[in-house]
Amino acid sequence: DARGEGQPENSDVLMLCRINLENKTLRVLNLNRDLYLEIPGFGADKITRAFDFGQAAQNGSFKAGSELLKATIEHNFGVTADSTVMTTFGGFEAIINAFNGVTVVNPYDVSDTQYPTEDYGVKSIDYPAGEQELSGEQALEFCRTRHQDGDPGRVMRQQIVLRALLDEANTNLDADGLWDLVKANRKKVLTDLGPSKQLAYTLAVPDFSNDNIEFGNLLDYMYADTAPNGAWIYSGMWDQIPAFVEGFLDGSIDVPQDIVAS
């Protein structure tokens, strides 16, 4: 969530992923942005602030923000993150548009009369139940809105869009076409993945299907709380979270693939 020079760059959505190219599996754990934890060198705060603290301390350096976020994940979850991939709201829209939009099946009507705009105002949005063809702008709204059904609903819609995007990629593009798309949209993404790994992951996309992708979350290991400064937070059950995270990522712990909210 980067809104201009000098403004905070909070991580609106955080997903911790483990990719197994040999077995063609992907496991994705949502890390709620309001989870309160220890950010090395900066003290206790929401995980959403980790990237911003790092980049702001080094004059807006993506590398510095990425390194602090990875250090925060290792310090709290006991998992070493190898690489970071980041995009902005505008980058997300551009990626969806590069696929000529995305078709999703919305499980229930979603309305929001207080959806935030870039100029810090609000507007009304409405997405009926059923099949929806979404542009980049609409997909961002669909993924961000949470006033009706909270964070579980938002995470569920993010998963719907990502699954649909994989289907779009595998239906309409081959590996070479995907690599052309990646190269054409490189400026929409910041990453510390080297070119060879970017190529390897891109060329592997046709080998992945939604049957081999698992999504997880920490909802059973968090509870609503208040920070010392009065801010609303999620506190974590830290005696259980690291073991769950490692177990989910290595496949020894299974959870329902999708969050269902109503």
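# Loops, helix contacts and ring pairs

Q: What is the place of Lys24?
A: Helices (H or I, at least four residues) and strands (E, at least two) are DSSP runs, numbered from the N terminus. By that numbering, Lys24 is placed in the loop between strand 1 and strand 2.

Q: Is Lys24 buried or exposed, or partly exposed?
A: This is a predicted model, in which local features need pLDDT of at least 70 and side-chain atom pairs count only at pLDDT 80 or more, while totals for chains, interfaces and linings use all residues. Residues are numbered from 1 along each chain as its sequence is written, and side-chain values use heavy atoms, with hydrogens and water left out. Buried means under 20% relative accessible area, exposed over 50% and partly exposed in between (1.4 Å probe, protein chains only). With a relative accessible area of 26%, Lys24 is therefore partly exposed.

Q: Which positive phi does Asn59 take, as a residue other than glycine?
A: Asn59 sits in the loop between helix 1 and helix 2. Its relative accessible area is 81%, so Asn59 is exposed. The phi of Asn59 is positive, near 55 degrees.

Q: At what angle do the axes of helix 4 and helix 5 cross?
A: Two packed helices are described by the angle between their axes and the distance between the axes. Axes here are lines fitted to C-alpha atoms, for helices over the stretch in contact, and angles run from 0 to 180 degrees between N-to-C directions. Helix 4 (residues 136-144) and helix 5 (residues 150-172) have axes that come within 7 Å. They cross at roughly 145 degrees.

Q: Which residues of helix 5 make the contact with helix 4?
A: Contact means heavy atoms within 4.5 Å. The helix 4 side of the contact consists of Phe142, Cys143 and Arg144. The helix 5 side consists of Arg154, Arg157, Gln158, Ile160 and Val161.

Q: How do the residues of the contact of helix 4 with helix 5 divide?
A: Ala, Val, Leu, Ile, Met, Phe, Trp, Tyr, Cys and Pro count as nonpolar, Asp, Glu, Lys and Arg as charged, and the others, Gly among them, as polar. The residues of this contact divide into 4 nonpolar, 1 polar and 3 charged.

Q: How many residues of helix 4 are buried?
A: The buried residues of helix 4 include Glu141 and Arg144. Their packing partners include helix 3 (89-98) and strand 9 (130-134). Helix 4 is mostly covered, and of its 9 residues the buried number is 7.

Q: Why is the pair of Phe42 and Phe53 stacked?
A: Rings of Phe, Tyr and Trp (its six-membered ring) pair if their centres lie within 6.5 Å; planes under 30 degrees apart count as stacked, over 60 as edge-to-face and the rest as tilted. The structure holds 7 aromatic pairs. The rings of Phe42 and Phe53 have centres 5.0 Å apart, and the pair is stacked because the planes lie at 10 degrees.

Q: Which parts of the chain does the pair of Phe42 and Phe53 link?
A: Phe42 has 41% relative accessibility and so counts as partly exposed, whereas Phe53, at 17%, is buried. The two residues are 11 apart in the chain. The pair links the loop between strand 3 (36-39) and strand 4 (43-46) with helix 1 (residues 50-57).

Q: Which residue lies over the face of Phe248?
A: Phe248 is buried, with a relative accessible area of 0%. A charge sits over a ring if NZ of Lys or CZ of Arg is within 6 Å of the ring centre and within 35 degrees of the ring normal. At 4.5 Å from the ring centre of Phe248, the residue over its face is Arg27.

Q: What is the order of the open sheet of 3 strands?
A: Two strands pair if DSSP finds at least two bridges between them. Strand 2 and strand 11 run parallel and are joined by 4 bridges. Strand 1 and strand 11 each have a single partner strand, so they stand at the edges. The pairing is mixed, and the order is 1-2-11.
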